[in-house]
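Me: Could you walk me through a few local features of this protein?

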Amino acid sequence: YAGNDKSENIKLGYNTYNQKVDISLDGVNNSFSKSPSELDSFVINKSSSQYIKEDLLFYSSKIVKPDFKDCFLQVIYHGNKYSLFKAYSSSLDYVSTNYIQSELRQFTLEYTYYYYDAQTKELKKIKLSKKKITDEFKPIMDVSSYLEDDLFNSYPEKAMQLIFAELNKK
């Protein structure tokens with residue numbers, strides 16, 4: 001989606017290294033890239049992929065907070081008061097285990113979580129650790145009960161979705 005324009009059922013790739021969405025309309029000859037400043041949002045459909053369990057919705061950072069760095073933010077939870085996002089990035093690093101080809105490099109995928117507070121209009125970085133989450137939301141509610149069980153250890157994003165659902169009820 002870009003303003004009033006939208007395309008459906010097209011092939012796209014999200015390049016986390018340069019924060020561009022590569023769009024292919026009909027193969028190699030008709031493809032182009034869009035930056036976060038040129039797109040509002042995009043969805044990666046789960047289709048028949050064994051790796052993607054549900055559709056992935058990404059917003060341009062300019063939609064969430066215009067003065068934030070240019071990137072795409074995956075929507076983990078969207079609420080009226082609080083929303084949780086995940087930003088992906090990649091870095092090109094040396095492969096430390098390859099002694100034969102010492103100049104060999106590989107991409108490393110990294111991610112950072114942010115939450116948006118609609119009242120203060122702030123997009124704040126949040127680390128997914130029990131202490132940081134408890135301290136961050138202590139003034140609003142006690143979230144420790146969501147962090148004690150196996151859900152947070154096994155599926156931290158699911159636990160965070162439950163926390164944000166409760167935060168939005170307050």
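Below are some friendly questions and answers on its strands, rings and surface.

Reply: Happy to! This is a predicted model, where local features need pLDDT of at least 70 and side-chain atom pairs count only at pLDDT 80 or more, while totals for chains, interfaces and linings use all residues. Residues are numbered from 1 along each chain as its sequence is written, and side-chain values use heavy atoms, with hydrogens and water left out.

Me: Which residue of S6 stands opposite Phe 58?

Reply: Strands pair if DSSP finds at least two bridges between them. On one side, S4 (residues 41–44) runs antiparallel to S5 with four bridges, and Ser 41 has Tyr 59 as its bridge partner. S5 also pairs with S6 in the antiparallel sense, over three bridges. There, the residue opposite Phe 58 is Gln 74.

Me: What is the angle between the planes of Phe 42 and Phe 72?

Reply: Rings of Phe, Tyr and Trp (its six-membered ring) pair if their centres lie within 6.5 Å; planes under 30 degrees apart count as stacked, over 60 as edge-to-face and the rest as tilted. The structure holds 14 aromatic pairs. Phe 42 and Phe 72 form an edge-to-face one, 5.1 Å centre to centre, with an angle of 80°.

Me: Is Phe 72 buried or exposed, and what is its relative accessible area?

Reply: Phe 42 and Phe 72 both belong to a cluster linked by ring pairs, together with Tyr 14, Phe 58 and Tyr 88. Phe 42 counts as buried because its relative accessibility is 4%. Phe 72 is buried too, since its relative accessible area is 0%.

Me: How far apart in space are Asn 80 and Tyr 116, C-alpha to C-alpha?

Reply: Asn 80 sits in the loop between strand S6 (72–77) and strand S7 (82–94). With a relative accessible area of 76%, Asn 80 is exposed. Although Asn 80 and Tyr 116 are 36 residues apart in sequence, their C-alpha to C-alpha distance is 10.0 Å.

Methods: Helix = DSSP H or I, 4+ residues; strand = E, 2+ residues; numbered from the N terminus. Buried < 20%, exposed > 50% of the residue type's maximum accessible area, 1.4 Å probe, protein only.
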